[in-house]
Amino acid sequence: MNNLEYVKEKLKNSFDVKYRSIQTVLGKATLVFIDDLCNSEMISEYVVLPLRGFGELYPNKGSINSLQEVLENALDINAAGIAKDNDDAVMHILSGDPIVIFEGFKEILYVEAKGFPVRSVGTPETESVLKGPREGFNELIVNNVALIRRRIKNPDLKFEAIVVGEKSKTAVAVCYIDGIAPSNLVDEIKEKVKNLDIRFILDTNYIEDALKKQNSFFDTVGYTEKPDEVSAKLLEGRVGVIVDGTPFVITVPYFFLENFQMPDDYYVNRYYTNFNRMLRWSAFFIAAFVPALYVAIMTYHFAMIPSMFMFRLAVSRAGVPFPTFLEVIVMMLAFQFIKEAGLRLPQPIGGAMSIVAALILGDAVVGAGIASRITIIIVALSTLAYFLIPKLYGAVSFWAIILVIFSAAFGIPGFLCGAILLTVQLAELESVGYPFLFPIGTISEYKFKDVVLRGKLNRISQNIIKRGKKDEDKETN
């Protein structure tokens, strides 16, 4: 089976694959490309016309010994080469690169003439900022690489390409800065990506699962749509993973404290940033602990409530047939329903529906005597606090319910046991070998000036991620 027959067999029953015969001085050649993935004008001007006029340069066909001479003397296109084998040639076709098959030659030429539609670089919808860059990644891997290259003009910035997925053959790029990123971290990430035993990959989450060692609601792998954020983390020594077809880029290691850091923290006034960070930390404690503490006090510890306030609580709860625990759980689930419905509905009506549903639900529940006003206020405050820490939303929602159950069963002691379990969970998590609570508890490598409060930018720029001394000792031994 010759080259052309092999390609036709591999790509049979595909109406968008085009075959174009060209008569050249080397004899008959066949141009193979996918119409929707290629730029037809580039093919006509820089491939077909030069190959037809190649006879003027080489009137004697016998003087041509290899297709390398065709590349060097005939084709004026920027990127072209010789495919490694027939399978590599097929991959070039599927990637948007036309190939040229000459009769009588074993080699196959490929040229770069991609022309498929892509979404333009726009503002990321999930990470809005008040001040700072508004560019966001799109679904094309080469565009995402360019956005990072434009910010880090350093020859040590490396992008290593890996093809992942037995069937999808998805392009994945592992990016890092050589000399800043720890070599053992880079090797570990590349090894895990290369050894992915998976049929197809459509998003970064397929790789995230491979990089996570423990099952937890907390994300130990970071992701972002902003090139400036990825660039900053690469300069700290992190490793990024870019997947073709998705606008989200993975960054590892990822630490718990980063959930309280927003992209525009480094573009606005430092004192205003620190004030907002205190609000986010307060929101975390309100969302996770306030409903459980309310259940514990109302169920077991009435003496902790001032007498005047206790009287008002008694009036508010008069006629409510359910215990406080059931009230809180039902209302928390109701707010989760509203949030999910608002997220899944079309954008023009999702926000309006959420507001209307929350108002109607709260008024109807109180009027029907299903829940008290104070319960509505507690759950609504907790739900509002979630939105200040969007990356912790899933984990905090889960742990808030767990803490409510502990508090309903054992009161304040149960609440404290649940809080200890939450702390233990955070302390035992790792992000590709680094403690999830880094730099907390790693005093020997405590170089960060951006932990709870943001320090000065000239000091933050000195931050470098390094393994703790214990890990270095283990590797030495």
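**Aromatic rings**

Mentor: Let's start with Phe256, which is buried at 5% relative accessibility (buried is under 20% relative accessible area, exposed over 50%, partly exposed in between, with a 1.4 Å probe and protein chains only). This is a predicted model, where local features need pLDDT of at least 70, side-chain atom pairs count only at pLDDT 80 or more, and totals for chains, interfaces and linings use all residues. Residues are numbered from 1 along each chain as its sequence is written, and side-chain values use heavy atoms, leaving out hydrogens and water.

Trainee: How many aromatic pairs are there in the whole structure?
Mentor: A search finds 22. Rings of Phe, Tyr and Trp (its six-membered ring) pair if their centres lie within 6.5 Å; planes under 30 degrees apart are stacked, over 60 edge-to-face, and the rest tilted.

Trainee: Why is the pair of Phe218 and Phe256 called edge-to-face?
Mentor: Because their planes are at 75 degrees, with the ring centres 6.2 Å apart. Phe218 is buried too, with a relative accessible area of 3%.

Trainee: Which aromatic cluster has Phe218 in it?
Mentor: One that also includes Phe256, Trp281 and Phe436, among others.

Trainee: New topic: which ring does Lys8 lie over?
Mentor: Lys8 lies over the face of Tyr19, 5.3 Å from the ring centre. A charge sits over a ring if NZ of Lys or CZ of Arg is within 6 Å of the ring centre and within 35 degrees of the ring normal.

Trainee: And what about Arg270?
Mentor: Arg270 lies over the face of Tyr271, at 4.9 Å from the ring centre.
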